[in-house]
Amino acid sequence: MIMAAAVLWIPLIGSCVAGLISFFNQRTMDDLAKLVTCMCMGVSALIALDLVYDVIVAKKVVHGEMLSWIPLDDRHTITWGLYVDSLSAIMAAVVTIVSFMVHIYSLGYMKGDKSIARFMSYLSLFTFFMLFLVMSDDLLQLFLGWEGVGLSSYLLIGFWFQKESANAASMKAFITNRIGDMGMVLGIVGCIAVFDSVSIPEILSKLSTYDQAFFRLTDHLTINAYTFICACFLIGAMAKSAQFGLHVWLPDAMEGPTPVSALIHAATMVTAGVFLLIRLSFLFEYAPSVKIAIVVIGAITALFAAVVGLFQKDIKRVIAYSTCSQLGYMFMACGVSMYSAALFHLVTHAFFKALLFLSAGSVIHAMSGEQNMRKMGGLYKQIPVTYALVWVGSLALAGIPLFSGYYSKDWILDSLFGYAMEGGSIVPYVVGLSVAFLTAFYSWRLISLVFHGDCKADERVQSHIHEAPMIMLIPKVVLAVGAVFSGVALVGFFTKPQLISGAYVFTEIEHHMPMFIQGLPVVVALSGIVLAVWIYHTQRHKLAVCLVHFKRVAAVIQSGFAIDEIYRKVLIKPLHWLGGFLYHHIEKGLIDRYGSNGFALFIGRLGRVFRHMQTGSVRDYAIIMIAGLMGILGYVVVIIK
């Protein structure tokens, strides 16, 4: 229990120290802020690895109460507690390791920034809330971590608040995630109504006694309670994990510094939705219609994001849409009850995606802040280490054998094929294969545009191109080791049935897998690589001529099929008009005019009328008194009669 608490609270200590330094604006103490946050994050990562050994290898489950939070009545008290099973331990280790690497990388990337202490404080705070989320033992505590991650992402995405685009992106992420938060709140309320508890272990223990539960809407209309609850939680997961429809905040989040992109897109915020599906998988197993929706949403997201990624010019946006696509893979795995495959891909994805983002940061650093890939080229000579590391990350992302993505992504594809053989649809498997091809294609498109061909930057930028300093290379090398070896090292562990523990279920689909099906994902990925290399090395001019004829179509796809514009016209503009109408005609024109302001105006006018009666003349006062007395006497006479 002490070790689990240390993993959680140590990053918060580092965040508070750095925050105090930034508050007092002591530039001379920035080095102390960097040292404390990195040391705290490193210690937390080491303890998390030891916790993984205790929980998984020694088969222990840490569950204890930290403090009493909200006493409700004699029987119910909401507490703050820790619940660390194999799922929480794995997530804590991945989050702390990747965050530690991002902290170290930030020392070089953010060097010279006037607010680096504040930046390091935000990074540690973000990590704390993510750990708070994954180690929660009840839904309310999980929701607090959920909201904390959203708040931290707002602070980090808008860190460079001098930029209007950064402010807009942070607000967009914050507001979009509020939609998911409403789903989370309704799901938690549904659990309270059905199970009379928010404790995850308690809900699991009660689930077997509630084979059927219904919410009665009217005398003749009911809805399955599990379906309703899981649908609400699915909305929350969609927003956090940027699934289609609620994905619009993710590409714009690239406005934050590159270390923020690596942390948000690799192991923390965007994986929170997948974590929620796995954590509550015991509940989703009772809602088959919601599981079908998860598969459909995941497939649409994976394909949509992969297609849009093909047309991006910004190097960070290519990787951002890649993240969105890989999250779709994880959703599909959860939808077919292969939660272990989803978690496995989450782990491997954290390493190679953080590696790709940090490598993109090195490229941007070398190019004096330039992010447009069409203004790059020929960089493999000037930054060879980054070039090699991008190859490692891309091979893992494409699922090439011996790299981590091969073991996790191909397992998901095998699961989707097994799902089809068990009577499900073959469409998710076909979509998965198509996305594997597109993933390999846009990865090598990025490599070709950035590192090969002629450099298109101006002479001033070319004169400053240089390899990243050692403080930025070391974290990338560590992540590259994870991108290469995490798959082969962990595949045996994730495929063992004893991974089942705590409050979630891993369902294995037994089926005979034909040999050609097993090798098909690799063939598809290699085909994508070969086609990208052929086009961008030998047919680049012909491609440019071809795209001129389809410039408008390419622009629509590049904009994400104009979904942002559709939302703006269908939702945002009408709501702005409605808000303006209510403000000017209802609030100002009706409520203020005839309500509070109108009543105050009436009293003021009435006061001015009575003020004229105060003449200061005794004769006038006597007349008024006599008139009043006569009126009272008249009233009494009428009553007596």
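## Close-up views of a predicted model

**Figure 1. The whole protein, with its surface and its overall build.** The protein exposes about 28,200 Å², and carbon and sulfur atoms supply 69% of that area. The model is predicted. Of its 641 residues, 54% count as buried. The C-alpha atoms fill a box of roughly 110 × 70 × 55 Å, taken along the principal axes. The secondary structure comes to 26 helices and four strands. Now take the contacts between residues at least 6 apart in sequence: 79% of them join residues at least 24 apart.

Figure 2. The domain assignment gives domain 1 (1–137), domain 2 (138–568) and domain 3 (595–640). Look at the centres of domain 1 and domain 3, taken over C-alpha atoms. They are separated by 71 Å.

**Figure 3. Helices α14 and α15, side by side.** Helix α14 spans residues 315–335, and helix α15 spans residues 339–366. Their axes lie 10 Å apart and meet at an angle of about 180 degrees. An angle over 145 degrees counts as roughly antiparallel, so α14 and α15 are roughly antiparallel to each other. From α14, the contact is made by Ile315, Lys316, Ile319, Ala320, Ser322, Thr323, Gln326, Tyr329, Met330, Ala333 and Cys334. From α15, it is made by Tyr339, Ala341, Ala342, His345, Leu346, His349, Lys353, Leu356, Phe357, Ala360, Val363 and Ile364. By class, the residues of this contact divide into 16 nonpolar, five polar and two charged.

**Figure 4. His349, a residue of helix α15.** His349 is found in α15. It is also one of the α15 residues in the contact with α14. Is His349 buried or exposed? Its relative accessibility is 0%, so His349 counts as buried. Leave out residues up to four places away in sequence, and His349 touches His265, Ala266, Thr323, Gln326, Met330 and Ala354. Thr323, Gln326 and Met330 belong to the α14 side of the helix contact.

**Figure 5. Helices α4 and α10, running together.** Helix α4 covers residues 116–134, and helix α10 covers residues 258–266. They pack at an angle of about 0 degrees, with their axes 12 Å apart. Angles under 35 degrees count as roughly parallel, so α4 and α10 are roughly parallel to each other. The α4 side of the contact is made by Phe119, Leu123, Phe126 and Thr127. The α10 side is made by Pro259, Val260, Leu263 and Ile264. This contact has seven nonpolar residues, one polar residue and no charged residues.

**Figure 6. Ile264, a residue of helix α10.** Ile264 is found in α10. It takes part in the contact of α10 with α4. At 1% relative accessibility, Ile264 counts as buried. Which residues does Ile264 touch, not counting residues up to four places away in sequence? They are Phe126, Ser153, Ile157, Trp249, Met269 and Val270. Phe126 is one of the α4 residues in the helix contact. Ala398 is 134 residues from Ile264 along the chain, and 21 Å separate their C-alpha atoms.

**Figure 7. Gly14, a residue of helix α1.** Gly14 is found in α1, which spans residues 2–24. Its relative accessibility is 0%, so Gly14 counts as buried. Gly14 touches Val36, Thr37 and Cys40, not counting residues up to four places away in sequence. Compare Glu587. Gly14 and Glu587 are 573 residues apart in sequence and 47 Å apart in space, C-alpha to C-alpha.

**Figure 8. Phe561 and Ala562, in the loop between α23 and α24.** Helix α23 covers 551–558, helix α24 covers 563–594, and Phe561 is in the loop between them. Ala562 is in the loop between α23 and α24 too. What is the phi of Phe561? It is positive, about 60 degrees, although Phe561 is not a glycine. Ala562 is not a glycine either, and has a positive phi of about 55 degrees. At 35% relative accessibility, Phe561 counts as partly exposed. Ala562 has 24% relative accessibility, so it counts as partly exposed.

Terms used
Residues numbered from 1 in each chain as written. Predicted model: local features only at pLDDT ≥ 70, side-chain atom pairs only at ≥ 80, totals over all residues. Heavy atoms only, no water. Helix = DSSP H or I, 4+ residues; strand = E, 2+ residues; numbered from the N terminus. Parallel < 35°, antiparallel > 145°, perpendicular 65-115°, else oblique. Contact = heavy atoms within 4.5 Å. Nonpolar A, V, L, I, M, F, W, Y, C, P; charged D, E, K, R; others polar. Buried < 20%, exposed > 50% of the residue type's maximum accessible area, 1.4 Å probe, protein only. Areas by Shrake-Rupley, 256 points an atom, 1.4 Å probe, with all protein chains shown as cover. Domains from an automatic or database assignment.
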